[in-house]
Each structure stands twice: as C-alpha cells, then as structure tokens.
Amino acid sequence: MFLKILAHPIFANLNYHMPMIVDLSHPIVMLEGENGSGKSTLLHSIHYALKGEQVDGFVYRWVDEKGQASDGPKPPKTYLFDAEAHNPRMQLEFFKDNPEMVEFLQMASHGQVMLAMFQENFPGLPEGTYLLLDEPEMALSQSNQRRILKMLFELADKKKFRIICATHSPILINASETYVINLDRHQNKNVADMSMGVQGASTIQ
C-alpha cells in the first residue's frame with residue numbers, strides 16, 4: 001500500500017518535491033528526521049488519508065506497488081496518539097468518574113503514564129487498527145523504549161495492527177523489524193542551520 005501525495009501546503013513550503021510516494025506496505029513504519037522535517041505533518045496527513053478526509057491544499061491518491069490507482073485500506077480503524085497533545089495527566093476531567101485512575105495519574109510520572117497507555121489502552125483497540133504514534137518515546141527511559149518497541153511488535157503480530165510512528169528514538173528506528181522513512185533525504189529549509197552550532201561546540205560568545 002502506497003500513499004501518493006500530489007499536493008500539500010506545508011510540504012511545498014519545505015521544498016519537498018511532489019508527488020511524494022510514501023510506502024506504507026510494512027506492518028511497522030518509522031518516520032525519521034530532524035526537527036521541522038515534516039514527520040508530524042506526514043503522520044497527520046496519513047491519518048487524514050486513512051479516514052478519507054479532505055483537507056484544504058492536501059491532495060492524495062492511494063496506489064499499488066506499480067503506481068496504479070488503488071482504493072486504499074477499507075474500512076480502516078485508525079487511532080492517532082500524540083504524546084504531547086494527548087497527555088492524560090493534563091486532562092483529568094476525562095476521568096472524573098474513575099477516581100482510581102485520577103489518583104494514578106496524579107501520582108505517576110509522565111513515563112509511567114505513557115507505559116500504561118501501551119500496557120492497558122492500546123491492546124484494547126480493535127484488531128487490525130492502524131495505530132499512528134507521534135513521538136511515543138517522549139519521557140521514556142531507554143529501557144522503557146525497548147519495552148514499548150516489544151509491545152509494538154506484539155500488537156502487530158497478535159492483533160494485526162499496522163503501526164506508523166514519528167520518532168527521534170534510535171532504539172525504535174534501528175530495530176531490524178521496522179521500516180524507516182527518512183525525511184531528511186528531501187530538500188528542506190525548515191531545519192536547524194549551522195548558526196546554532198554543531199554537536200560538541202559552544203554557541204555562547
């Protein structure tokens with residue numbers, strides 16, 4: 001399954017060449033790239049396409065491996081999780097009828113809350129769900145990033161999930177079982193330039 005993006009206002013602003021062909025044929029796909037490279041934009045665009053939503057300036061087609069028009073997945077069950085926007089600790093009002101959950105959210109660290117999402121919430125989604133994750137490693141230690149990677153493999157294997165993840169985590173990106181789309185291979189004018197210094201060098205005058 002391939003998503004062919006014919007037009008997109010943000011990608012055009014980033015000097016991406018259109019059409020952009022995105023290979024989503026793999027069970028677990030990682031979107032890799034610098035800050036501002038368009039990972040979250042692409043993740044949300046995939047979400048719109050899976051749901052069949054029309055967004056101003058975003059024109060796409062589903063195509064097969066030969067580039068021929070395709071209907072795309074149907075009917076897809078999609079769940080988009082943004083680790084920053086969907087932090088349950090910042091939305092306690094949604095759990096007002098569950099005092100135990102409120103107590104847990106108030107006592108637990110951000111990382112513990114994230115692990116709970118992987119252990120308890122995501123496995124409850126329907127079989128065959130397209131799970132889209134924006135930086136799920138946020139607030140997690142390296143050991144816990146390995147734990148959620150194992151959980152992603154289990155969701156793909158046991159519940160036939162298709163998982164697409166925007167991430168900076170080398171642990172998620174370098175796993176041999178994942179397919180990586182590197183957005184830094186596109187010309188992009190929205191990433192940090194050399195005026196911010198290089199790794200190991202001071203930028204303080």
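In what order do the strands of the open five-stranded sheet run, and is the pairing parallel or antiparallel? The order is 6-7-8-3-9, and the pairing is parallel.

## What you're looking at

This is a predicted model, where local features need pLDDT of at least 70 and side-chain atom pairs count only at pLDDT 80 or more, while totals for chains, interfaces and linings use all residues. Residues are numbered from 1 along each chain as its sequence is written, and side-chain values use heavy atoms, with hydrogens and water left out.

So how confident is the predictor? The score to look at is pLDDT (confidence in each residue, from 0 to 100). The protein averages 83, and 80% of the residues score at least 70. Strand 8 comes out highest at 96, and helix 3 (residues 99-107) lowest at a mean of 70. Over residues 187-192 the pLDDT is below 50, and this stretch has 18 contacts beyond near neighbours in sequence (a contact means heavy atoms within 4.5 Å).

## The parallel sheet

A quick word on terms: strands (E, at least two residues) and helices (H or I, at least four) are DSSP runs numbered from the N terminus, and two strands pair if DSSP finds at least two bridges between them.

Take strand 3 (residues 28-32) and strand 8 (residues 162-166): they run parallel, joined by four bridges. Within this pair, Ile28 has Ile163 as its bridge partner.

Strand 1 (residues 2-7) pairs with strand 4 (residues 59-63) over five bridges, and Leu3 stands opposite Trp62.

The 13 residues of helix 2 reach 19 Å from first C-alpha to last, close to the 18 Å expected (the expected span is 1.5 Å times one less than the number of residues). Its buried residues include Leu42, Leu43, Ile46 and Leu50; buried means under 20% relative accessible area, exposed over 50%, and partly exposed in between, with a 1.4 Å probe and protein chains only. Just after the helix, Gly52 takes a positive phi of about 70°.

## Two salt bridges

Side chains of opposite charge can pair when their charged atoms come close. The structure holds two salt bridges, each needing a side-chain nitrogen of Lys or Arg within 4 Å of a carboxyl oxygen of Asp or Glu. One links Lys51 to Glu53, with the closest N and O atoms 3.1 Å apart. Lys51 is partly exposed at 45% relative accessibility, and Glu53 is partly exposed at 31%.

The other joins Lys150 and Glu154 at 2.5 Å, N to O. Because they sit four residues apart in helix 5 (residues 142-158), about one helical turn separates them. Glu154 is partly exposed, at 30%.

Notes:
pLDDT is the predictor's confidence in each residue, from 0 to 100.
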